[in-house]
Amino acid sequence: QVQLVESGGGSVQAGGSLRLSCAASGLTHKSSCMGWFRQVPGNEREGVAAIYTGGSSTWYADSVKGRFTISQDNAKYLAYLQMNSLKPEDTATYYCAAAPLFWCGGSWNRPRAFPYWGQGTQVTVSS
């Protein structure tokens with residue numbers, strides 16, 4: 001059974017930084033798509049970034065390009081989201097997601113492409 005646990009959320013002022021971590025257990029394949037999504041109550045879950053762990057290709061939402069960086073420690077089944085220059089509109093619950101043996105490609109930001117999800121971690125950015 002795959003389990004994902006996020007950590008690193010919190011409250012920060014605009015312009016600040018946070019790093020989210022996602023620890024994956026039960027993943028037996030090192031070639032997976034790992035994604036970060038976020039959701040604000042009343043809105044659909046939005047793809048933020050994704051990484052293909054078999055080759056480190058990455059994808060980003062236009063709204064976070066140049067500010068967020070997704071990375072991995074494949075040996076430890078960890079994924080990270082470094083968030084810099086945070087804005088109040090980045091406030092959301094952030095979720096880690098995994099899709100084993102899946103090339104992210106054009107589906108990287110589609111929640112239905114990911115069978116495994118973490119419980120979410122809150123990020124609050126104040127102005």
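1. Let's start with Thr-53. Setting aside residues up to four places away in sequence, Thr-53 touches Lys-30, Ser-31, Ser-32, Met-34, Gln-72 and Asn-74 (contact here means heavy atoms within 4.5 Å). Thr-53 sits in the loop between strand S5 (46-52) and strand S6 (58-60); helices (H or I, at least four residues) and strands (E, at least two) are DSSP runs numbered from the N terminus. With a relative accessible area of 8%, Thr-53 is buried; that word means under 20%, while exposed is over 50% and partly exposed is in between, using a 1.4 Å probe and protein chains only. A polar atom of the Thr-53 side chain also lies 2.7 Å from the backbone nitrogen of Ser-32.

2. A word on what you are looking at. This is a predicted model, where local features need pLDDT of at least 70 and side-chain atom pairs count only at pLDDT 80 or more, while totals for chains, interfaces and linings use all residues. Residues are numbered from 1 along each chain as its sequence is written, and side-chain values use heavy atoms, with hydrogens and water left out.

3. Now the cavity. How many cavities of 30 Å³ or more are there? The count comes to one, where a cavity is a set of points on a 1 Å grid over the protein atoms alone at which a 1.4 Å probe fits but cannot get out, and lining residues have an atom within 4 Å of a point. Grid points are joined across faces, edges and corners, and the volume is the space filled by probe spheres set on the points. The largest cavity holds about 90 Å³ of space.

4. Thr-53 turns up again in the lining. Of the 13 residues lining the largest cavity, Leu-27, Met-34, Thr-53, Asn-74 and Tyr-77 lie nearest its centre. Two or more lining residues come from each of S4, strand S7 (68-73) and strand S8 (78-83). By type, the lining has six nonpolar, five polar and two charged residues (Ala, Val, Leu, Ile, Met, Phe, Trp, Tyr, Cys and Pro count as nonpolar, Asp, Glu, Lys and Arg as charged, and the others, Gly among them, as polar).

5. Next, the disulfides: the structure holds two, each a pair of cysteine sulfur atoms within 2.5 Å. One joins Cys-22 to Cys-96, with 2.0 Å from S to S. It links distant parts of the chain, with Cys-22 in strand S3 (residues 18-25) and Cys-96 in strand S9 (residues 92-100), 74 residues apart. Both cysteines are buried, and the link is left-handed, with -75° about the S-S bond.

6. The other disulfide joins Cys-33 to Cys-104, at 2.1 Å from S to S. Here Cys-33 is in strand S4 (residues 32-39) and Cys-104 is in the loop between S9 and strand S10 (116-117), 71 residues apart. Why is this disulfide right-handed? Because the torsion about the S-S bond of Cys-33 and Cys-104 is about 120°. Cys-33 and Cys-104 are buried too. Numbered in sequence order, the bonded cysteines pair 1-3, 2-4.

7. Two more residues are worth a look. Ser-21, in strand S3, is buried with a relative accessible area of 16%, and its contacts beyond four places in sequence include Trp-36 and Tyr-80. Ile-70, in strand S7, is buried at 4%. Beyond four places in sequence, Ile-70 is in contact with residues including Met-34, Trp-36 and Tyr-80.

How values were computed:
On a 1 Å grid over the protein atoms alone, a cavity is a set of points where a 1.4 Å probe fits but cannot get out, and a pocket is an open set with protein on both sides within 12 Å along at least five of seven lines; lining residues have an atom within 4 Å of a point. A polar contact is a pair of N or O atoms within 3.5 Å; within protein, one must be able to donate a hydrogen and the other to accept it, and residues adjacent in sequence count only if both atoms are side-chain atoms.
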